[in-house]
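Have the coordinates open as you read.

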Amino acid sequence: MSHEAHEPETPHLDFQGTTPYEDYVKADVLTHLQHTLSDDPGEMVFLVTTQVMELWFTVIVHEWETAAKALRQDDVPTAIDALKRSVRELEALNASWRPLSGLTPAQFNSYRGALGEGSGFQSAMYRRMEFLLGDKSASMLVPHRGAPRVYAELEKALHEPSLYDEVLRFLARRGHDIPDEVLGRDVSQRYQPSPRVEAVWTAVYAGDERDEVARLGEALTDVAELVWRWRNDHLVATRRAMGAKTGTGGSAGVAWLEKRAQKSVFPELWTARSYV
């Protein structure tokens with residue numbers, strides 16, 4: 001056997017048509033979706049960052065829907081795995097604010113007019129994320145009436161149990177005292193905290209922390225914490241770029257974001273900790 005050093009072989013480069021990488025990733029499509037509407041060079045990073053956020057919304061929705069489906073089947077390990085993946089994805093999503101976090105009002109104003117009435121408030125995939133978290137409102141479908149496929153997907157999500165609804169139904173099947181009014185609630189409405197659900201989580205956390213229900217609770221809490229951080233990072237970036245002015249698309253801007261940042265996701269998982 002020869003011990004002479006050999007140069008690595010050149011990878012196969014000659015393909016008929018597009019490369020297998022392009023066929024799978026569709027990079028040519030992704031990298032030609034950026035059509036800036038102003039002459040400001042800073043608009044490109046704003047547009048690309050926003051598009052990247054939409055991709056992260058998409059994969060996080062996939063993970064939470066995977067977790068919800070697993071819980072319907074009482075498959076806690078698969079649900080926890082999906083939630084843990086979504087935690088890493090939420091960390092990446094939250095890091096998307098960094099390219100925009102230092103925008104001055106003058107820098108943002110240089111291309112803000114190009115947004116017209118556009119606003120992140122109108123993101124359909126972000127709305128699906130919120131619906132999965134239990135923050136539902138039929139009025140949030142209104143901006144999408146002109147896009148039949150998007151509207152149908154959101155309407156379906158509105159009337160399906162949220163991720164937290166599936167968690168509570170799972171807990172009930174495990175023998176925990178989830179009240180009938182919670183199990184039978186109108187899932188198209190925003191979830192409202194329940195003292196009896198709080199008592200269930202208190203009992204879970206007072207028990208064996210290695211129990212899979214406790215581990216499920218902690219995975220959900222990790223998700224909730226990062227959603228809260230997302231909302232706060234959004235608030236800070238917006239406040240820095242535009243102060244208290246009216247937001248794009250006529251939204252209330254910082255005032256609306258401040259209200260959102262005060263809300264807890266999976267509320268009883270937080271309040272129960274005061275009683276353990």
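This is a predicted model: local features need pLDDT of at least 70, side-chain atom pairs count only at pLDDT 80 or more; totals for chains, interfaces and linings use all residues.

A residue is called buried when its relative accessible area is under 20%, exposed when that area is over 50%, and partly exposed in between. Phe266 is not a glycine, yet its phi is positive, at about 55°. Most residues other than glycine have a negative phi.

Now step back to the whole chain. It holds 13 helices and 0 strands. The C-alpha trace spans about 70 × 60 × 35 Å along its principal axes. The chain has 276 residues, and 40% of them count as buried. The accessible surface comes to about 15800 Å². Carbon and sulfur atoms hold 55% of that surface. As for charge, there are 31 positive and 41 negative side chains. The centres of the two sets lie 7 Å apart.

Which residues of α5 are buried? In this helix, residues 105–112, they are Phe108, Tyr111 and Arg112. They cover an arc of only 115° around the axis, which puts them on the same side of α5. What do they pack against? The buried residues of α5 meet α3 (43–72) and α11 (212–242).

Follow α11 to Thr221, which is found in that helix. Thr221 has a relative accessibility of 6%, so it counts as buried. Set aside its neighbours within four places in sequence. Thr221 is then in contact with Tyr205, Leu269, Trp270 and Arg273. With Arg273 there is also a polar contact between side chains, at 2.8 Å.

Go back to α5 and look just past its end. Ala114 sits in the loop between α5 and α6 (124–132). Its relative accessible area is 23%, so Ala114 is partly exposed. Beyond residues up to four places away in sequence, Ala114 touches Leu37, Ser38 and Glu43. Ala114 and Glu43 are 71 residues apart along the chain, but their C-alpha atoms are separated by 8.9 Å.

Thr36 counts as partly exposed because its relative accessibility is 35%. Leaving out residues up to four places away, Thr36 touches Glu43, Met44 and Leu47. Its C-alpha atom is separated by 9.3 Å from that of Tyr111, 75 residues apart along the chain. Tyr111 is one of the buried residues of α5.

Asp74 is found between α3 and α4 (76–95). Is this residue buried or partly exposed? At 40% relative accessibility, Asp74 counts as partly exposed. Asp74 also has a positive phi, of about 60°, although it is not a glycine.

Which side chain pairs with that of Asp74? Arg173 does, through a polar contact of 2.8 Å. Arg173 lies in helix α8. Its relative accessibility is 44%, so Arg173 is partly exposed. Residues up to four places away aside, Arg173 touches Leu71, Arg72 and Asp74.

One loop remains, the one between α7 (148–159) and α8 (163–173). Ser162 lies there. Ser162 counts as buried because its relative accessibility is 1%.

Methods. Residues are numbered from 1 along each chain as its sequence is written. Side-chain values use heavy atoms; hydrogens and water are left out. Helices (H or I, at least four residues) and strands (E, at least two) are DSSP runs, numbered from the N terminus. Buried means under 20% relative accessible area, exposed over 50%, partly exposed in between (1.4 Å probe, protein chains only). Accessible areas come from the Shrake-Rupley method with a 1.4 Å probe; for residues, only the protein chains shown count as cover. Lys and Arg count as positive and Asp and Glu as negative; His and the chain ends are not counted. The place of a charge is taken as NZ of Lys, CZ of Arg, CG of Asp or CD of Glu. The arc is that of the directions from the helix axis to the C-beta atoms. Contact means heavy atoms within 4.5 Å. A polar contact is a pair of N or O atoms within 3.5 Å; within protein, one must be able to donate a hydrogen and the other to accept it, and residues adjacent in sequence count only if both atoms are side-chain atoms.
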